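Colleague: I have the model open and want to go through the fold with you. Can we take it piece by piece?

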Amino acid sequence: LYLSSLYRQTAAKVEEATIHVEDIQGPILLIAGLDDRYLGSATLSGLAFNRLRQKGFKHPFELIVYNGVGHTLGPGLPYTPTTSLIDPMGPNDAIYFLGGTPYDTAAARVDSWVRINKFLSEQSRRVYKEPAPEKKG
(Lines give C-alpha, C1' and ligand atoms only; values in the text may rest on other atoms or scores of the structure.)
Protein backbone atom coordinates (compact mmCIF):
# COMPACT_ATOMS: atom_id res chain seq x y z
CA LEU A 1 0.00 0.00 0.00
CA TYR A 2 2.73 2.44 1.00
CA LEU A 3 5.04 1.70 -1.92
CA SER A 4 2.22 1.78 -4.46
CA SER A 5 1.30 5.29 -3.29
CA LEU A 6 4.98 6.29 -3.49
CA TYR A 7 5.26 5.11 -7.09
CA ARG A 8 2.15 7.05 -8.12
CA GLN A 9 3.77 10.36 -7.15
CA THR A 10 5.74 12.66 -9.41
CA ALA A 11 9.51 12.83 -8.96
CA ALA A 12 9.10 16.39 -7.63
CA LYS A 13 6.64 15.26 -4.94
CA VAL A 14 8.90 12.39 -3.90
CA GLU A 15 11.91 14.72 -3.70
CA GLU A 16 9.90 17.19 -1.64
CA ALA A 17 9.01 14.46 0.88
CA THR A 18 12.44 12.81 0.91
CA ILE A 19 14.60 12.94 3.99
CA HIS A 20 17.95 14.42 3.03
CA VAL A 21 20.03 11.62 4.50
CA GLU A 22 23.16 13.17 3.03
CA ASP A 23 22.88 15.93 5.67
CA ILE A 24 23.39 13.46 8.52
CA GLN A 25 26.66 14.21 10.31
CA GLY A 26 27.92 10.70 10.98
CA PRO A 27 27.97 7.06 9.88
CA ILE A 28 24.77 5.36 8.75
CA LEU A 29 23.79 1.70 8.97
CA LEU A 30 20.62 0.76 7.07
CA ILE A 31 19.06 -2.64 7.81
CA ALA A 32 15.97 -3.98 6.08
CA GLY A 33 13.94 -7.07 5.33
CA LEU A 34 13.37 -7.86 1.67
CA ASP A 35 9.93 -9.31 2.48
CA ASP A 36 8.66 -6.24 4.38
CA ARG A 37 5.07 -6.10 3.17
CA TYR A 38 4.10 -3.19 5.36
CA LEU A 39 6.39 -0.32 4.40
CA GLY A 40 8.84 -1.81 1.92
CA SER A 41 11.89 -1.10 4.08
CA ALA A 42 14.34 -2.69 1.63
CA THR A 43 13.12 -0.45 -1.17
CA LEU A 44 13.19 2.68 0.97
CA SER A 45 16.58 1.81 2.46
CA GLY A 46 17.87 1.24 -1.06
CA LEU A 47 16.66 4.69 -2.07
CA ALA A 48 18.45 6.22 0.92
CA PHE A 49 21.62 4.23 0.18
CA ASN A 50 21.64 5.32 -3.46
CA ARG A 51 21.07 8.92 -2.43
CA LEU A 52 24.11 8.73 -0.13
CA ARG A 53 26.23 7.37 -2.99
CA GLN A 54 24.98 9.95 -5.48
CA LYS A 55 25.54 12.86 -3.11
CA GLY A 56 29.07 11.74 -2.20
CA PHE A 57 28.29 11.22 1.49
CA LYS A 58 31.54 11.72 3.39
CA HIS A 59 30.87 9.34 6.31
CA PRO A 60 30.83 5.53 6.21
CA PHE A 61 27.49 3.99 5.32
CA GLU A 62 26.28 0.46 4.79
CA LEU A 63 23.12 -1.32 3.67
CA ILE A 64 22.22 -4.80 4.91
CA VAL A 65 19.17 -6.53 3.40
CA TYR A 66 17.89 -9.89 4.59
CA ASN A 67 15.91 -12.33 2.45
CA GLY A 68 12.81 -13.87 4.01
CA VAL A 69 12.53 -11.08 6.59
CA GLY A 70 9.58 -8.75 6.99
CA HIS A 71 8.74 -5.57 8.85
CA THR A 72 9.40 -6.95 12.34
CA LEU A 73 13.17 -7.35 11.87
CA GLY A 74 14.79 -5.21 14.56
CA PRO A 75 17.25 -6.86 16.93
CA GLY A 76 14.27 -7.86 19.09
CA LEU A 77 14.25 -9.98 22.17
CA PRO A 78 14.34 -13.77 21.93
CA TYR A 79 10.60 -14.23 22.42
CA THR A 80 9.15 -11.26 20.57
CA PRO A 81 6.96 -12.29 17.62
CA THR A 82 8.61 -12.53 14.24
CA THR A 83 5.41 -11.90 12.34
CA SER A 84 2.38 -9.83 13.19
CA LEU A 85 -0.99 -9.67 11.55
CA ILE A 86 -2.74 -6.92 13.49
CA ASP A 87 -1.99 -3.25 13.14
CA PRO A 88 -3.79 -1.49 16.02
CA MET A 89 -2.80 1.87 14.55
CA GLY A 90 -4.46 1.17 11.20
CA PRO A 91 -7.97 2.03 10.13
CA ASN A 92 -10.52 -0.09 12.02
CA ASP A 93 -7.80 -2.34 13.46
CA ALA A 94 -7.14 -3.66 9.96
CA ILE A 95 -5.17 -6.89 9.57
CA TYR A 96 -1.90 -6.66 7.67
CA PHE A 97 0.60 -9.37 6.82
CA LEU A 98 3.96 -7.84 7.65
CA GLY A 99 6.02 -10.44 5.79
CA GLY A 100 8.90 -12.70 6.64
CA THR A 101 9.21 -16.17 8.04
CA PRO A 102 9.85 -16.88 11.72
CA TYR A 103 13.09 -18.77 10.98
CA ASP A 104 14.57 -16.15 8.63
CA THR A 105 13.57 -13.30 10.92
CA ALA A 106 15.06 -14.96 14.00
CA ALA A 107 18.32 -15.65 12.13
CA ALA A 108 18.44 -12.05 10.84
CA ARG A 109 17.86 -10.71 14.34
CA VAL A 110 20.89 -12.59 15.62
CA ASP A 111 23.05 -11.60 12.64
CA SER A 112 21.93 -7.97 12.66
CA TRP A 113 22.65 -7.61 16.38
CA VAL A 114 26.23 -8.76 15.79
CA ARG A 115 26.60 -6.47 12.77
CA ILE A 116 25.09 -3.46 14.56
CA ASN A 117 27.55 -3.85 17.42
CA LYS A 118 30.47 -4.31 15.01
CA PHE A 119 29.47 -1.21 13.02
CA LEU A 120 29.10 0.92 16.15
CA SER A 121 32.39 -0.34 17.55
CA GLU A 122 34.27 0.35 14.31
CA GLN A 123 32.76 3.79 13.90
CA SER A 124 33.43 4.71 17.53
CA ARG A 125 37.09 3.78 17.10
CA ARG A 126 37.23 5.75 13.85
CA VAL A 127 35.71 8.86 15.41
CA TYR A 128 37.80 8.69 18.58
CA LYS A 129 40.85 7.36 16.74
CA GLU A 130 41.33 4.47 19.13
CA PRO A 131 43.21 1.40 17.92
CA ALA A 132 41.27 -1.79 17.33
CA PRO A 133 41.63 -4.34 20.11
CA GLU A 134 44.24 -7.02 19.51
CA LYS A 135 42.88 -10.38 18.41
CA LYS A 136 43.69 -13.26 20.70
CA GLY A 137 44.43 -16.79 19.66
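**Going through the fold**

Modeller: Gly 100 lies in the loop between β2 and α4, the helix of residues 102-128. The model is a predicted one.

Colleague: Is Gly 100 buried or exposed?

Modeller: Gly 100 is buried, because its relative accessible area is 8%, and the cut-off for buried is under 20%.

Colleague: How far is Gly 100 from Asp 36, in sequence and in space?

Modeller: The two are 64 residues apart in sequence, and their C-alpha atoms are 6.8 Å apart in space.

Colleague: Back up a bit. What is the secondary structure of the chain?

Modeller: There are four helices and two strands. Starting at the N terminus, the order is α-α-β-α-β-α.

Colleague: How do β1 and β2 run, and how many bridges join them?

Modeller: β1 and β2 run parallel, with six bridges between them. Leu 29, for one, has Glu 62 in β2 as its bridge partner. Ile 31 stands opposite Ile 64, also a β2 residue.

Colleague: What handedness does the β-α-β unit have?

Modeller: Right-handed; the unit is made of β1, α3 and β2.

Colleague: Tell me about α3, then. How many residues does it have, and what does it span?

Modeller: α3 covers residues 41-54, which is 14 residues. From first C-alpha to last it reaches 20 Å, close to the 20 Å expected at 1.5 Å a residue.

Colleague: Which residues of α3 are buried?

Modeller: The buried ones are Ser 41, Ala 42, Ser 45, Gly 46, Ala 48, Phe 49, Arg 51 and Leu 52.

Colleague: What covers them?

Modeller: The cover includes α2 (11-17), β1 (28-33) and β2 (61-66).

Colleague: Where does His 59 sit?

Modeller: His 59 is in the loop between α3 and β2. It counts as buried because its relative accessible area is 16%, and buried means under 20%.

Colleague: What is His 59 in contact with?

Modeller: Leaving aside neighbours within four places in sequence, His 59 is in contact with Ile 24, Gln 25, Gly 26, Pro 27 and Arg 126.

Colleague: New topic: cores. Which residues make up the largest nonpolar core?

Modeller: It has seven residues: Val 21, Ile 28, Leu 30, Ala 48, Phe 49, Leu 52 and Phe 57. β1 and α3 are the elements that give two or more residues to this core. α3 gives the most, with three.

Colleague: What else lies apart from that core?

Modeller: Another core of five residues, among them Ile 64, Tyr 66, Val 69 and Leu 73.

Colleague: Now the totals. What percentage of the chain's residues is buried?

Modeller: Buried residues are 29% of the 137 in the chain. The chain exposes about 9700 Å², and carbon and sulfur atoms supply 59% of that.

Colleague: And what share of the contacts is between residues 24 or more positions apart?

Modeller: 74%, counting contacts in the chain with a separation of 6 or more.

Definitions and conventions. Residues are numbered from 1 along each chain as its sequence is written. This is a predicted model: local features need pLDDT of at least 70, side-chain atom pairs count only at pLDDT 80 or more; totals for chains, interfaces and linings use all residues. Side-chain values use heavy atoms; hydrogens and water are left out. The expected span of a helix is 1.5 Å times one less than its number of residues. Buried means under 20% relative accessible area, exposed over 50%, partly exposed in between (1.4 Å probe, protein chains only). Contact means heavy atoms within 4.5 Å. Accessible areas come from the Shrake-Rupley method with a 1.4 Å probe; for residues, only the protein chains shown count as cover. Two strands pair if DSSP finds at least two bridges between them. A crossover is right-handed if, with the strands pointing away from the viewer, the path from the first strand over the helix to the second runs clockwise. A nonpolar core is a set of buried Ala, Val, Leu, Ile, Met, Phe, Trp, Tyr and Cys residues joined through side-chain atoms within 4.5 Å.
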